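Welcome! Have a look at the structure first, then try each task before reading on.

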Amino acid sequence: MLGYGVSWLALLFLPDVPTALRESPGLLWDLDCPWSLSVAAPHSETTFSILGNTGCAMIVLAACWLAMDSLPRLRKMFWPVVAVGSMSLTVYVLHTVGIAYLLRWRRREPVYAP
C-alpha cells in the first residue's frame, strides 16, 4: 500500500503535475517529464512501482506460508514445489549452465574452450 498509495497521493496533490498524467497514469510514460517517475503503473520500473510490487509479492508469500502451516495435507500435495523452492538458486544455475552447454554443443565447440 505504501508504494501505490504514495504514488496516488503524489499525482493527486503535488502542484504542476500534467493533467494527462493525473487522468491516466498507466498510459502516459514520458521520459522528459520528471513527474512520470511518481507513477506506479505496472511495468513502469519506478520506485513506487517496485515498492508496490514487492509488497504484493510479500503478501503472496505470507499467504502461502500460512496455508502450508495450517493445512498439513497441502504440504504433502505440494512437496515437489516446496523442494524446488528450497533450492531455487541451484536449479536456476543448473538451468543456465545446461543451456550454455547445449548451445556450445550445437556449434560443435568444446565446452571449456576460451
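**Exercise 1. Classify cysteine 56 by its relative accessible area, then find how many disulfides the structure holds.**

Step 1. Cysteine 56 has a relative accessible area of 41%, so it is partly exposed; buried means under 20% relative accessible area, exposed over 50%, and partly exposed in between (1.4 Å probe, protein chains only).

Step 2. Cysteine 64 is partly exposed too, at 44%.

Step 3. The structure holds 0 disulfides, a disulfide being a pair of cysteine sulfur atoms within 2.5 Å. In general, such a link is a covalent bond between the sulfur atoms of two cysteines.

A note before you continue: this is a predicted model, in which local features need pLDDT of at least 70 and side-chain atom pairs count only at pLDDT 80 or more, while totals for chains, interfaces and linings use all residues. Residues are numbered from 1 along each chain as its sequence is written, and side-chain values use heavy atoms, with hydrogens and water left out.

**Exercise 2. Describe the secondary structure of the protein.**

Step 1. Read them along the sequence, and the pattern is α-α-α-α-α-α.

Step 2. Turn to burial: 15% of the 114 residues of the protein count as buried.

**Exercise 3. Work out which residues of H1 are buried, and which exposed residues its opposite face carries.**

Step 1. The buried residues in H1 are Gly3, Ser7, Ala10 and Leu11. They sit on the same side of H1, because they cover an arc of only 90° around the axis (the arc is that of the directions from the helix axis to the C-beta atoms).

Step 2. Turned away from that buried side is a face with the exposed residues Leu2, Trp8 and Phe13. Tryptophan 8 counts as exposed because its relative accessibility is 54%.

**Exercise 4. Find how far the C-alpha atom of threonine 47 is from that of serine 7.**

Step 1. With 55% relative accessibility, threonine 47 counts as exposed.

Step 2. Although threonine 47 and serine 7 are 40 residues apart along the chain, their C-alpha atoms are separated by 9.4 Å.

**Exercise 5. Identify the partner of aspartate 69 in a salt bridge.**

Step 1. The structure holds 1 salt bridge, meaning a side-chain nitrogen of Lys or Arg within 4 Å of a carboxyl oxygen of Asp or Glu.

Step 2. The partner is arginine 75, and the closest N and O atoms are 3.9 Å apart.

Conventions. Helix = DSSP H or I, 4+ residues; strand = E, 2+ residues; numbered from the N terminus.
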